[in-house]
Structures are given as structure tokens and as C-alpha cells.
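Hi everyone, thanks for making time.

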Amino acid sequence: MTDIRIFSYLPNPRLYKSTIAARLNGVDIDIVGASPKELSNWLWDFDARPLEQVTDAEKQACERDARTGFSGKLYKTDRFLEANPYGTVPCAFSPDGSIGLFESNSILRAVARLGQERFPLYGNGVFEASRIDAFLDASLVFARDSQIYLLAIGRKVLNGEIHDRAQDAFIAWMSGIEQGLHDRQWLVGKGISAADICFACELALFSRDLAAQDVFESLGRKPVTDLSAFPQASAHYARLCAMDAVSHDLKPYLNRYTNG
Ligand SMILES: N[C@@H](CCC(=O)N[C@@H](CS)C(=O)NCC(=O)O)C(=O)O
């Protein structure tokens, strides 16, 4: 039996927080998912599967309005919403499906905890673990504005207000990372932790804006991703991306979205 099941659209840097952690600490993840387009035609459940494998009655009973990042109808079972009350992906389940986890940072926390004895990604003691939590929380605050910005780019409805908010959020988030790396190699403790993994994945996701030059040209603005004011954070990102466990997921993703 695997240690944890994660259901997600693919590819997804929010899922990579967990797969990178698992590559380092040996946790066995059962990944279930498909492209975003295909996932609209899946039953969202612990036993998620394409709708062709579901009866019409089952499908009708699970029909819900999509909320964020998807449009039209989605098919989420009652069991899925009980496990995952916000109804988002990625979502994770304990091996028997009895406990659901949501929010990619918390799924990352679960993977880190599951493998902590083999490879400590969740710090050494209460204070390091809580400092990791603090970086994960700060990144979620950033992720709120980042998501609004990326969805607006994807739908070609980016406007000045959304761009301003994303810029402010990016600077606030990256300034903390920059300061946090002052005189140290890792955000917490003496080795890679969940805080570094989360940072790399959020930045990879956000830097998709670099691939949307057409949207910025028509708005008369530039992509927000600009690392020049954050030399420590930028070097840390490059170092992380060069690690095998990280590059396995992020390299193909970045090639796909930011190199044309
Ligand atoms: N902060 C969340 C974001 C997850 C999220 O918003 N997922 C969206 C897709 S980008 C979703 O599942 N939407 C389902 C819906 O539209 O009902 C995380 O990191 O897991």
C-alpha cells in the first residue's frame, strides 16, 4: 500500500511540492490525475476516474459549478467534499481514503512528516518546524494574489489593478525570502527543508508570466517575475533547480512554460 494518494491536474507545481519532498525522503505517493481539460471530465473522488467509467445517475448526482481555475461543471462526489471541504486540487488522502488533505502546502507537510525519520524535511525540533510553517504560511498569502494574476493572464483579462497587486505581493514575498537567506544557505536549519521546496515550486509556478509576452504587450506592462532585486533568493532558486530531486519535476515544467 502506498503512503499517501494525491489527486491533481497534471502538470502542477503545487503537486511538485510533494513529489520533490517524496523523492528526497522516500515517501511512496500514488498520483492520480490527468490534464486540466481532462480533469473536467473526471469524477473527483478518492477513486477518481474518467466519467466514461461512471453511470449517468452517478454523474448527475455529483455535478457542481467550478469555482477557481476551472469553468463550467465539475463532478465532485459527496465523499470527495467531505474529505476536502474546499473542493480543490491537489488534494490528498490517507491510504484508506478516510482522511482528506487539501492545500498543497499542507499536503507537502504530510509528505515531509511521513518521511521525517529517513530525511528531515520538517526541521529539527519544534522551533525549526514552526519556522518552516511560517515560510509556508507566508507563501500561501503570496499564492492568493499569484493565483488571481495567473488566472487573469491565462484568460487574457489581466488589468492594471491585478498586475499592481501581484507586483506588491511578489515584492513582499521575495523580500522575506531574500532577508531569510541573509548569511545562510537554506531557509531553515542546515539542509533543504519543506520551506525551500515550497519556495522553488511557487516561484516556478509564478514565473509562467514570462511566457505571456503578448498579454503584457497589449497592457503596456512587463511580467512581474524579475529576480534582479533579489540576488540571494535568485541564487537559491538556481541552486534548488539544479538539484536532481527538484529538476526532475521543475525542469520539464519550466521548459514547457517559460522557454516557449
Ligand atoms: N491554495 C491552493 C490552491 C488550489 C486551487 O485553487 N485549485 C483550483 C485549481 S487551480 C481548484 O481545484 N479548483 C476547483 C474548482 O474550480 O472547483 C493549493 O495550494 O492547493
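Before I name any elements, a word on labels: helices and strands here are DSSP runs, numbered from the N terminus, with helices having at least four residues and strands at least two. Also keep in mind that this is a predicted model.

With those labels, let's start at Ser 40. Ser 40 sits in the loop between α2 (36-39) and β3 (42-44). Is Ser 40 buried or exposed? Its relative accessible area is 17%, and buried means under 20%, so Ser 40 is buried. Setting aside neighbours within four places in sequence, Ser 40 is in contact with Phe 70, Lys 73, Leu 74 and Tyr 75.

Another buried residue is Asn 25, at 2% relative accessibility. Asn 25 belongs to helix α1. If we don't count residues up to four places away in sequence, Asn 25 touches Val 111, Ala 112, Gly 115, Arg 118, Phe 119 and Leu 121.

Now over to the loop between β1 (4-9) and α1 (13-25), where you'll find Leu 10. Leu 10 is partly exposed, with a relative accessible area of 30%.

Pro 90 is in the loop between α4 (78-83) and β7 (91-93).

Val 89 takes us to the ligand. Of the 16 residues around it, Val 89 is one of those that come nearest, together with Arg 67, Thr 68, Lys 76 and Ser 104. Ser 104 has a side-chain N or O atom 2.6 Å from an oxygen atom of the ligand. Gln 147 has a polar side-chain atom 2.8 Å from a ligand oxygen, and Glu 103 has one 2.8 Å from a ligand nitrogen.

Glu 103 isn't a glycine, yet it has a positive phi of about 70 degrees. You'll see Glu 103 in the loop between β8 (100-102) and α5 (104-114), and it is partly exposed at 37% relative accessible area. Lys 156 has a positive phi too, about 55 degrees, and isn't a glycine either. Lys 156 lies in the loop between α6 and α7 (160-180) and is exposed, at 57%.

Last topic: helix packing. We describe two packed helices by the angle between their axes and the distance between those axes. How do α6 (residues 126-154) and α8 (residues 194-206) pack? The angle is about 10 degrees, and the axes are 10 Å apart. That makes α6 roughly parallel to α8. The residues of this contact split into 12 nonpolar, 2 polar and 1 charged.

Then α8 also packs with helix α10 (residues 231-242), at about 95 degrees with the axes 10 Å apart. These two are therefore roughly perpendicular to each other. Among the residues making that contact are Phe 199 and Leu 203 of α8, and His 236 and Tyr 237 of α10. The contact of α8 with α10 has 7 nonpolar residues, 1 polar and 1 charged.

Definitions and conventions:
Residues numbered from 1 in each chain as written. Predicted model: local features only at pLDDT ≥ 70, side-chain atom pairs only at ≥ 80, totals over all residues. Heavy atoms only, no water. Axes fitted to C-alpha atoms, helices over the stretch in contact; angles between N-to-C directions. Parallel < 35°, antiparallel > 145°, perpendicular 65-115°, else oblique. Nonpolar A, V, L, I, M, F, W, Y, C, P; charged D, E, K, R; others polar. Buried < 20%, exposed > 50% of the residue type's maximum accessible area, 1.4 Å probe, protein only. Contact = heavy atoms within 4.5 Å. Near = heavy atom within 4 Å. Polar contact = N/O pair within 3.5 Å; in protein donor to acceptor, adjacent residues only side chain to side chain.
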